[in-house]
Amino acid sequence: MPAEQKQITFDDVMEVAKTYIHRKENLALIERAAKFAEEKHEGQFRKSGDPYFVHVLNVAYILATLHVGPTTIAAGFLHDVVEDTDVTKEDVISLFGEEIAELVDSVTKIGALKFHDKEDPEYQAANHRKLFIAMAKDVRVILIKLADRLHNMRTLQFKPVESQQRIAAETLDIYAPIAHRLGISAIKNELEDLSFLYLQREEYYRIAHLVEAKKAERDASVQQMIADISALLKEHGIEFRIFGRSKHLYSIYHKMAVRQKRFDEILDLLAIRIITKTELNCYEILGYIHAQYRPIPGRLKDYIAVPKSNMYQSLHTTIIGDEGRIFEVQIRTEEMDEIAERGVAAHWRYKEGSGYDARVEQKEIEDRLSWFRDFAAYTGENENESASEYMATLQRDVFEANVYVMTPKGRVIDLPNGATPIDFAYRIHTDVGHTTVGAIVNDAMVPLNTELHTGDVVQIKTMKNTGPSEDWLKFVKTNQAKNKIRAYLAKKESDKKEEKVPQGEKALAEELRKRGFEANEYMEKKKLEGILSQFSVTNINDLYYNIATKKVHASQVVEKLTNQKRPLNNDEITRMINRDAKKHTASKGGIVIPGIESMKMSLAQCCLPVYGDEICGYITKGEGVKVHRKDCPNILKQKERLIDVEWEGEDSERLYDSDLVVYAHDRNFLLTDIVTVVSQCKAPMIQVSATVNQETLTSTIKMKIQVHNKEQLRTIIANLRKVDSVLSIERESN
Ligand code: MN
């Protein structure tokens, strides 16, 4: 178990703060924030039984030891008031100003993230770290979060075992590496050791025991070396501090596990650190030590001349002591030491001057931030990766190209800039993408083409039996979504085709039957394949599909299959029929006028009565009697000249002209079919003409046929009505 923690009081915080914060108003701000937090958290208790305020007090204390500014310490005191009490962001703004409110707000938002999700199979710590940094935006937020996490880890024993595991894993994956990137080795080491304890308790105690067993012996050696070096340096009149340092347990474990080193190899290295005043002193000290002790070749590292990418500076050397023990010696200035221990916090170090100006501080914050970003960019996970390569990648990944959004359960999804809820949905699951009907971003319904931003919580509404829209392709950003949508649409098209193919097949069979061909015979595979190229298709299904979708008319296919000639067009049929028209002559009508013997009579050309029609006579001036149908519109108003007439009796040889008008949807073979019906009814056709209305695609066919009687005409009309696409038939009256 780590050592018992000292109870921190408000006075402790102020004591540390006062070492570098001197202005009254700044100290007053910290005090005001502390009082406010204490008041608001009153009555709340931690799992440990401590008042909740103890937690924020500790967070503020850790921040003070990092030498952060008064606003950050104040924000540290306030970091949980919005989340855990009835205080709102607006309250914090009005009491403590925008800047502190923003810090608290960011800390609260990051606190809502669940970084470690066991149910997330794609869990990637690296991604979550990027999310963390991207969301924090301000390094001070990260510092508060690290202080918060450190105190929570120190008091983790009060949490249930399951929470301990989750929080410790998250700390090791997310928080410790961030502390490392920021160069805050003190916090990083403590977070690692605490996580190690909860995650691998046995290993932790095994190593702790090994370290403890050799401690006395090692301590004695280190103390001896310290005494020797101290004497040496005093001889030369150099100012210095010297102390031994111990490696933390997790780093020993890590070196053993990852670098495959033996325990004694690691532990036999004794470590000493010397802090002095100036850079020159550092080199002087190194010279004196090397003059006295044999250095191990190749182990001298000059990080003063060439600082590490995280600005770490120090001289490192390894020497062999009197009893053959090996010592690692680090030599650096106070300033370098502060950077090594506090990292970014040291750069951030609060400066109070006479010329304090909020704008200047803001500018400094921005400079720090860009420094931090560069810093973050240069501190690659992989030390072999070139700095510029890493920077380019990170720049692209974190700050330019990516947005990090979350599921309502806190799973992090990274997407390219400009990505929409549809991209998000397809990243979750293809089926979710396909059935998306709505999106809720941060509790508000939004259009599906809404651009997502880092930190957005996205929820997708789905509905069964819906599918992606082609429009989505216009705004989705990820190739994944594009490909899935395209694949879906293509599949839908082919499914539709599968439905249409049998329809086309049926239509062709019907067309063949209608023309008196045996469908089975003509729809043989070989016969069909023989005509495919004439319809620009490569397989029978495509042909059927084209028939069903009216790209090809079944009659055209029938023509090819049966080697029929091209159908005559309307003009040709008209000409052919009319050529023979002169052969036919109108016969005399066998009509009598009751009571009158001989009277010149003829059938009216306007309504062309046929035997059996109800008729009446019209007395003309000089042309005798014209016989009309009783309903002929031409005689309806001529009552005084009308005279009753009767059919004399049927003459089976006699033919009567009749005009018919057929209205139909235009199609191929329409006229042929009509002519066929008329001829099947044994009625000569003596004239025909057809016109097509191109707008309605309806056809008007006028024909003059000859029939024996009304009964025959009625049969012809009935049969014509059965012709496919015929709408109506009228006897014409001119
Ligand atoms: Mn907290």
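A: A salt bridge here is a side-chain nitrogen of Lys or Arg that lies within 4 Å of a carboxyl oxygen of Asp or Glu. The model is predicted, and it holds 30 salt bridges. In general, side chains of opposite charge can pair when their charged atoms come close.

One of these pairs is Glu-102 with Lys-89, whose closest N and O atoms are 3.0 Å apart. Glu-102 belongs to helix α7 and Lys-89 to helix α6 (residues 89-96), so the bridge links distant parts of the chain, 13 residues apart. Glu-102 has a relative accessibility of 36% and therefore counts as partly exposed. Lys-89, at 24%, also counts as partly exposed. The pair is part of a network of salt bridges that links Lys-89, Glu-102, Asp-105 and Lys-109.

Another pair joins two strands. Glu-328 forms a salt bridge with Arg-245, with 3.7 Å between the closest N and O atoms. Because Glu-328 lies in strand β6 (residues 326-333) and Arg-245 in strand β1 (residues 240-245), this bridge ties together parts that are 83 residues apart in sequence. Glu-328 is buried, with a relative accessible area of 18%, since the limit for buried is under 20%. Arg-245, at 22% relative accessibility, counts as partly exposed.

A further pair is Asp-471 with Lys-474, whose closest N and O atoms are 3.2 Å apart. Asp-471 is partly exposed at 42% relative accessibility, whereas Lys-474, at 69%, counts as exposed.

The manganese ion has His-55 (NE2), His-79 (NE2), Asp-80 (OD) and Asp-148 (OD) as its protein donors, at 2.2 to 2.3 Å. Along the chain these donors follow the spacing H-x23-H-D-x67-D. His-55 lies in helix α3 (residues 52-65) and His-79 in the loop between α4 (70-78) and α5 (81-84), so the two histidines tie together parts that are 24 residues apart in sequence. Both His-55 and His-79 are buried.

Of its 16 residues, 15 are buried, so helix α9 is largely enclosed by the rest of the structure.

His-67 is found in the loop between α3 and α4. Most residues other than glycine have a negative phi. His-67, although not a glycine, has a positive phi of about 60°. His-67 is buried, with a relative accessible area of 11%.

Definitions and conventions. Residues numbered from 1 in each chain as written. Predicted model: local features only at pLDDT ≥ 70, side-chain atom pairs only at ≥ 80, totals over all residues. Heavy atoms only, no water. Buried < 20%, exposed > 50% of the residue type's maximum accessible area, 1.4 Å probe, protein only. Helix = DSSP H or I, 4+ residues; strand = E, 2+ residues; numbered from the N terminus. Donors = N, O, S within 2.8 Å, 3.2 Å for Na, K, Ca; no water.
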